[in-house]
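Biologist: I'm new to this one. Can you put it up and walk me through it?

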Amino acid sequence: MTLEQQRHAAQLAFVASGAELEIGTRDDCPLPLEQLEATLGTEPYVRECFSAGLTAHVYRIHAGGRDWTLKRARERCKVQNVDGQTSFLNEIQRRADLVVLKRDPRLGEHLSAVVDTRYASFRRGVLLSPWIDGERIQTWNERQLLQLFDALVALLLGGLFEWDLCPGNTLDDGQVRLFDFGYMYRFDPLRQFNSNGTAAPGFHAAERFETRQYFAHLLPLEQQSDHLALAAFALEKRIALDAYQRLRAELLARGASSTVLDWLGGIIAEWRQALSGDLDALYLKEAWRSHWLDLQDDLGGQTCTPSTLVRIDWLEQAVRERHADLQRLTALGSAHALQAELREARRNARQWQVG
Ligand SMILES: Nc1ncnc2c1ncn2[C@@H]1O[C@H](COP(=O)(O)OP(=O)(O)OP(=O)(O)O)[C@@H](O)[C@H]1O
Ligand SMILES: [Mg+2]
């Protein structure tokens, strides 16, 4: 069994067992638990409803003199795979891990980005956090990138790998905030690359951010000028490089395996070289990977959006105009096969639009 299959089996077994997983006690709730559990969105204490969430109903509620986020499990998650179906349980499991990690004397101070959990109950399908009075991040300035990568390094050192760094999962209220952990899984940072062990070396924290979010943000910049997009890419890569160097040094000090250290060292060397030379080539390579992987993700969960189609546009244009360049940079099929695959992807993406 792969590590992913083991996780699925353990989580499905937990669901079937009927066991409860609770964070805090019902007395921590600013409203009676029964009331939170039965919230539909029409109650006077509800200030806003978010129906966009795929896993949960999300409400902004007012109680006890302040605002909270109430997340209630959906009867059935809209993401059509096991990861989606177990994501509410997974989120509460990770919230429990994060409560512990935030108390870690070395890592805690780097985890202010991670929202606190006031109360959670898996069986009641309730998760309560302080409301973040923030904005979606449109342009990712230097401060935001520094704060994000600082938090990501601490999470990795703490043995937590976040897969879904999409735009809907990051907010900024003067500080970057992470609050959705439905697809954050445990791993051993001293011996593994991510929660799939060493089976998939292409997936790492910077890749997740670039794939799920940053390259979508670079798309409109590319429309304005390649120079603007490249400058934004350079900023992000410099900050990511710095973060990975700190990460590697700390993993070395903690006795990480040479497999992990060499793997990280390889990524660091590639970025460093590109930043001092041919950044264009790295841009093309990472952009291709990002749009490609994000597309596979959307198709895999049958959760496509208009931006899925924009990514397909980008990929098709890259096959038309840069196929030879791409072939030099990364393993790639023939232009003909890729075009056929992208046509099929577009048909499916049109059919699987959500929201
Ligand atoms: N603590 C919070 N403060 C402010 N807004 C929040 C908070 N938690 C969630 N939201 C808002 O609700 C939306 C959905 O929340 P969240 O991402 O946790 O739900 P989800 O169902 O897991 O979403 P998805 O599965 O689509 O990622 C977020 O994009 C955000 O706008
Ligand atoms: Mg979310």
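Biologist: Which residue is the bridge partner of Ala63 in strand 4?
Modeller: Arg66 is the bridge partner of Ala63. Bear in mind that this is a predicted model.

Biologist: How many bridges join strand 3 to strand 4?
Modeller: There are 8 bridges, and the two strands run antiparallel. The hairpin they form has 2 residues between the strands. Gly64 in that hairpin takes a positive phi near 60 degrees.

Biologist: And is strand 4 mostly covered or mostly open?
Modeller: Mostly covered. Of its 8 residues, 6 are buried. Strand 4 is also joined to strand 6, by 5 bridges, and that pairing is antiparallel. One pair to look at there is Leu70 with its bridge partner Leu128 in strand 6.

Biologist: What holds paired strands together in general?
Modeller: Strands of a sheet pair through backbone hydrogen bonds.

Biologist: Zoom out. What order do the strands take in that open sheet?
Modeller: The order is 1-5-6-4-3-2, with 6 strands and antiparallel pairing. At the edges are strand 1 (22-23) and strand 2 (46-50), each pairing on one side only.

Biologist: How many bridges does strand 1 make with strand 5?
Modeller: Strand 1 is joined to strand 5 (residues 119-121) by 2 bridges, again antiparallel. Ile23 stands opposite Ala120 there.

Biologist: Which helix packs on this sheet?
Modeller: Helix 4, residues 87-101. It touches strand 1, strand 3, strand 4, strand 5 and strand 6. Its direction makes about 45 degrees with that of strand 6.

Biologist: New topic. What is the order in the open sheet of 3 strands?
Modeller: That one goes 7-9-10, with antiparallel pairing. Strand 7 (135-136) and strand 10 are the edge strands. Strand 7 is joined to strand 9 by 2 bridges. In that pairing, Glu135 has Asp172 as its bridge partner.

Biologist: Which helix lies across strand 9 and strand 10?
Modeller: Helix 5, which covers residues 142-157. It runs at about 35 degrees to strand 10.

Biologist: And what sits in the loop between strand 7 and helix 5?
Modeller: Trp140 is found there. Its phi is positive, about 50 degrees, although Trp140 is not a glycine. Trp140 counts as buried, at 2% relative accessibility.

Biologist: What about Gln302, what is its phi?
Modeller: Phi of Gln302 is near 50 degrees, a positive value in a residue other than glycine. Gln302 lies in the loop between helix 9 and helix 10 (306-329). Gln302 is partly exposed, with 33% relative accessibility.

Biologist: Let's do the metal. What coordinates the magnesium ion?
Modeller: Asn169 through OD1 and Asp180 through OD coordinate the magnesium ion, ligand 2, at 2.1 Å.

Biologist: Why does that pair tie parts of the chain together?
Modeller: Because the two residues sit in separate loops. Asn169 is in the loop between strand 8 (160-162) and strand 9 (170-172). Asp180 is in the loop between strand 10 (176-178) and strand 11 (184-186). So the pair links parts that are 11 residues apart in sequence.

Biologist: Is Asn169 buried or exposed?
Modeller: Asn169 is buried, with a relative accessible area of 9%. Asp180 is buried as well, at 17%.

Biologist: On to Ser290. Where does it lie?
Modeller: In helix 9, residues 279-300. Ser290 is buried, with a relative accessible area of 0%.

Biologist: What does Ser290 touch, leaving out residues up to four places away in sequence?
Modeller: Glu210, Thr211, Phe215 and Arg311. There is also Arg212, 78 residues apart from Ser290 along the chain. Their C-alpha atoms are separated by 7.3 Å.

Biologist: How many disulfides does a search of the whole structure find?
Modeller: It finds 0.

Biologist: Last one. Which domains does the domain assignment give?
Modeller: Domain 1 (1-131) and domain 2 (279-351), according to that assignment. Their C-alpha centres lie 34 Å apart.

Definitions and conventions. Residues are numbered from 1 along each chain as its sequence is written. Chains are lettered from A and ligands numbered from 1 in the order in which they are written. This is a predicted model: local features need pLDDT of at least 70, side-chain atom pairs count only at pLDDT 80 or more; totals for chains, interfaces and linings use all residues. Side-chain values use heavy atoms; hydrogens and water are left out. Donors are N, O and S atoms within 2.8 Å of the metal (3.2 Å for Na, K and Ca); water is not among the atoms, so sites may look incomplete. Helices (H or I, at least four residues) and strands (E, at least two) are DSSP runs, numbered from the N terminus. Buried means under 20% relative accessible area, exposed over 50%, partly exposed in between (1.4 Å probe, protein chains only). Two strands pair if DSSP finds at least two bridges between them. Contact means heavy atoms within 4.5 Å. Axes are lines fitted to C-alpha atoms, for helices over the stretch in contact, and angles run from 0 to 180 degrees between N-to-C directions. A disulfide is a pair of cysteine sulfur atoms within 2.5 Å. Domain bounds come from an automatic or database domain assignment.
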